[in-house]
Amino acid sequence: MRVVRSADEELPILKQLIKDLGEYYFTPLSDKQVEMYAEDLLPMGSKLALKAALKYRKSFYNNKFPVPATLKRTVYFFDRENLKTA
């Protein structure tokens, strides 16, 4: 079972990650897009999301801003995993 922090702790970290990815890939994002993207990544937790973003960026084949499902697939994350919020 994976343990992630509460949404109040995770969302700001995830939002910053998404903004950073947008800047890295020259993709302007609205506040609403950042919010929705962060909600999609919330089950992963920020630690795994950061790992996925780093792995995605290091690939020679990835040259555009990823969608949440792509980041999840990068680290083989599936929402059906047991999750406990600490």
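This is a predicted model: local features need pLDDT of at least 70, side-chain atom pairs count only at pLDDT 80 or more; totals for chains, interfaces and linings use all residues.
User: What makes Phe26 count as exposed?

Analyst: The cut-off for exposed is over 50% relative accessible area. Phe26 has 78%, so Phe26 is exposed. Its place is in the loop between H1 and H2.

User: Why is H1 called roughly parallel to H3?

Analyst: Their axes cross at roughly 10 degrees and come within 10 Å. Angles under 35 degrees count as roughly parallel, so H1 and H3 get that label.

User: Which residues make that contact between H1 and H3?

Analyst: From H1 there are Glu10, Ile13, Leu14, Leu17, Leu21 and Tyr24, and they meet Ser46, Ala49, Leu50, Ala53 and Arg57 of H3. By type, eight of the contact residues are nonpolar, one is polar and two are charged.

User: Why are the buried residues of H2 said to line one face of the helix?

Analyst: Those residues are Val34, Tyr37, Ala38 and Leu41. Looking down the axis of H2, they fall within an arc of 100 degrees, so they line one face. In general, an α-helix has 3.6 residues a turn, so residues three or four places apart point the same way.

User: What do the buried residues of H2 pack against?

Analyst: They pack against H1, H3 and helix H4 (68-74). Take Leu41: setting aside neighbours within four places in sequence, Leu41 is in contact with Leu14, Ile18, Ala49, Pro68, Leu71 and Lys72.

User: Which residues have the most contacts inside the largest nonpolar core?

Analyst: Ile18, Leu21, Leu41, Met44 and Leu71, in a core of 19 residues. Helix H1 (7-24), helix H2 (31-41) and helix H3 (46-58) are the elements that give two or more residues to this core. H1 gives the most, with five residues.

User: What makes it a nonpolar core?

Analyst: The label asks for buried residues of the listed nonpolar types, joined through side-chain atoms within 4.5 Å. Leu41 is one of the core residues, and Leu41 is among the buried residues of H2.

Methods
Residues are numbered from 1 along each chain as its sequence is written. Side-chain values use heavy atoms; hydrogens and water are left out. Buried means under 20% relative accessible area, exposed over 50%, partly exposed in between (1.4 Å probe, protein chains only). Helices (H or I, at least four residues) and strands (E, at least two) are DSSP runs, numbered from the N terminus. Contact means heavy atoms within 4.5 Å. The arc is that of the directions from the helix axis to the C-beta atoms. Axes are lines fitted to C-alpha atoms, for helices over the stretch in contact, and angles run from 0 to 180 degrees between N-to-C directions. Angles under 35 degrees count as roughly parallel, over 145 as roughly antiparallel, 65 to 115 as roughly perpendicular and the rest as oblique. Ala, Val, Leu, Ile, Met, Phe, Trp, Tyr, Cys and Pro count as nonpolar, Asp, Glu, Lys and Arg as charged, and the others, Gly among them, as polar.
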